[in-house]
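Hi,

Here's the structure I said I'd pass on.

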Amino acid sequence: MDISNLFNPKSLAVIGISLTNERHPANVIYNKNKFRLQVNVFPVNEKGGLYQGEKVYSSVMDIPQKVDLAVIVTRAEAVAGVMVDCIKAGIKGAIIISGGFAEVGNKDLQDRLVTIAKENDFPFIGPNCLGIYSYPFYDTFFVPSERIVRPEKGKVTIVSQSGGILVDYMVKLAEEGVGLAKAVSIGNKALIGEIELLEYFAKDQETQVIAFYIEGFGKGEGRNFVRKVEECGKPVIVLKAGKTSYGIQAVASHTATMAGDYNVFSSVLAQYRVLEAKDEYELVPFCEVFSCYKKSIVGNIGIITGSGGHGAMAVDLCLSHGLSVPLISESDQMEIRGKISNKIQSIASLKNPIDLTGSAMDDDFVAAARFLSEIEEIDCLLVLLLPYLPGISSDLGARLSQIYRQSGKPIVAYVPHVDKFMMFVEGFQLNQIPVAHSIEEAVHMVVALKRFGEC
Amino acid sequence: MLKEEIKDIIKHSKLWGWVLEPDAKRIISSIGLEVPRYIYTKDLEQAIHFVGEIGYPVVAKVVSPKIIHKSEKKGVEVGIKDDKGLRKVFNRFYKMEGFSGILVEQMFRGLELIIGAKNDYQFGPVILFGLGGIWTEIYRDIILKMAPLRPKDIDNMTKCLKARPILEGYRGAPKINLEELNRLLNIFSDFVMEIENDFESIDLNPVICSTEKCIIADARIILKKGYS
């Protein structure tokens with residue numbers, strides 16, 4: 001089934017618009033698309049009439065122009081009929097926002113939609129979902145325009161079983177300056193689920209990182225999913241909910257006891273190089289770091305800092321996450337010492353962490369980073385940048401990014417994210433260097449690069 | 001392709017939902033893995049005669065469709081040293097619920113591992129590998145991988161175990177035969193895929209590994225409910 005029509009429609013019918021209730025999801029969706037997005041949108045309600053002075057069509061079949069996609073927001077009982085009309089009208093797919101299907105026990109009603117869709121080669125997302133966010137073309141999330149937080153356009157696509165969680169992550173991506181390509185809330189995933197979307201996004205040029213929020217797979221679906229991830233070649237990140245189970249009873253075998261559902265989930269994901277984010281504190285930084293880097297690391301970290309305390313904390317975090325922080329040899333230390341400015345030569349500590357002290361200048365950070373990126377012992381750099389050091393400027397992000405582009409060794413930065421320092425943060429973000437708001441988050445990013453290469 | 005013998009065993013075992021140990025051992029042998037020399041009998045004298053051939057010490061286990069957890073029901077006796085000991089154990093087992101015989105077998109020393117399989121709802125057959133024996137569930141040093149295992153999966157399985165140094169001979173202890181272990185995992189993985197529609201979970205526990213070989217000392221195959 002070709003689902004590409006779901007993402008770039010030129011025209012959209014919103015079916016189920018209310019003439020009296022402005023807060024009806026259909027109205028929210030209609031208005032945001034009409035006023036803020038590129039798609040051409042038509043209101044539909046079986047009763048007809050006028051909405052905001054525009055003609056409301058009583059059926060999609062009455063719309064005089066070609067319609068690419070339908071957003072169905074009617075009562076559950078009416079959805080199948082509407083879908084048949086859409087097919088008759090030559091529409092190429094639908095987003096079914098309406099709830100009242102399998103999630104409340106109406107499995108038969110849902111199965112009918114699937115049967116109709118399969119018989120007519122008519123793809124749909126949902127039901128019981130927020131649908132698709134494909135900015136600036138269209139967006140079916142029933143979050144009013146003025147309340148939605150839009151991340152910048154970027155490389156990450158998120159697919160989520162939960163609409164609420166998805167909107168929440170969009171806020172968090174925006175907060176961290178991580179760009180979003182597309183977002184899909186799949187709800188009951190009656191016809192199109194994680195696997196179909198993975199196949200699609202594997203080929204989608206805009207998408208470079210695919211993140212999933214998954215509550216659970218259907219029978220045997222997990223097997224297909226991990227195999228598709230392996231074929232896809234793009235980093236795939238999964239956050240699983242429902243890890244604990246109070247349903248596990250004493251079972252008859254050791255294997256069944258130890259191989260609990262989540263344990264299997266997590267192990268098989270790792271086996272097929274799917275990156276599991278254990279919680280939201282990992283998900284967002286994982287998305288950020290894989291928006292910038294594609295290759296895994298062994299995990300030998302060179303730390304550059306302007307504060308000894310930050311260096312010490314970073315070392316602890318690295319080691320506790322299974323990374324190593326190799327000592328820099330005496331001769332290499334001598335060489336670095338020769339490259340940094342005179343005034344810090346006698347006070348800087350260069351063993352790793354490289355503590356350039358509070359008197360360091362931009363040039364010192366650049367010199368140390370360039371040196372570490374050229375030696376074999378180190379395969380990733382962690383730069384802890386404190387914007388309140390008088391000698392450094394917001395140019396550092398751009399300058400360090402050039403070192404990455406020459407050496408290919410990933411650099412991850414930490415800069416406190418407060419308004420006053422945002423120029424420093426953006427210096428990294430705009431130059432595609434992942435920048436964390438805490439040392440811990442920076443280490444999570446590095447861990448992700450390592451985990452990507454593990455068994 | 002599954003041999004007829006295995007299919008028959010699985011079919012008749014569905015009556016009580018799991019494969020009795022002597023039957024499980026027949027299956028294990030028929031797929032090319034090693035089990036200890038054993039006798040399964042209701043006749044004490046026959047058992048004593050058999051031990052006459054293989055020699056003491058031996059292990060004795062109760063066989064009963066009513067007893068799935070033999071250890072917990074005190075249905076396993078290790079280190080039996082003589083006829084007198086064997087008689088005593090036999091008489092005790094004889095009174096157990098559903099007694100259908102005693103299984104007497106050679107005793108082996110070596111590192112105790114567990115190799116298991118679970119038919120997972122989301123992922124299908126997965127294979128578990130880890131430290132075995134009675135402490136299995138205490139240490140939980142295990143690796144899980146989706147079957148069928150690819151060569152790199154088998155490699156990573158032994159590599160990523162926390163107890164890896166023990167496999168390699170920690171502090172002068174003999175190392176185990178890793179080639180044999182890999183062969184075992186490979187054969188087991190194929191077998192698990194072949195009985196995919198029939199099993200719920202499998203424990204080979206303990207698998208006793210030494211420098212020479214890996215022997216499956218106990219096997220429990222729990223079948224899916226209902227006949228497929």
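**Where the chains meet**

In this predicted model, 28 residues of chain B are in contact with 23 residues of chain A (contact: C-beta atoms, placed from the backbone, within 7 Å). On the chain B side, β6 (111-120), β7 (124-131), α5 (136-139), β8 (142-146), α6 (151-160), β9 (199-209) and β11 (219-223) each give two or more residues. β6(B) gives the most, with 5 residues. By class, that side of chain B has 13 nonpolar, 7 polar and 8 charged residues. Here Ala, Val, Leu, Ile, Met, Phe, Trp, Tyr, Cys and Pro are nonpolar, Asp, Glu, Lys and Arg are charged, and the others, Gly among them, are polar.

**Chain A**

Chain A has 16 helices and 19 strands (DSSP runs numbered from the N terminus: H or I of at least four residues for helices, E of at least two for strands). Of its 455 residues, 49% count as buried, that is, with 20 or more other C-beta atoms within 10 Å of their own C-beta, again placed from the backbone.

A:F290 counts as buried because it has 26 C-beta neighbours inside 10 Å. Leaving out residues up to four places away in sequence, A:F290 touches A:V209, A:P235 and A:A448.

**Housekeeping**

Residues are numbered from 1 along each chain as its sequence is written, while chains are lettered from A and ligands numbered from 1 in the order in which they are written. As the model is predicted, local features need pLDDT of at least 70 and side-chain atom pairs count only at pLDDT 80 or more, while totals for chains, interfaces and linings use all residues.

Cheers

Key: Two residues are in contact if their C-beta atoms, placed from the backbone, lie within 7 Å. A residue is buried if 20 or more other C-beta atoms lie within 10 Å of its own, exposed if 12 or fewer, and partly exposed in between; C-beta atoms are placed from the backbone.
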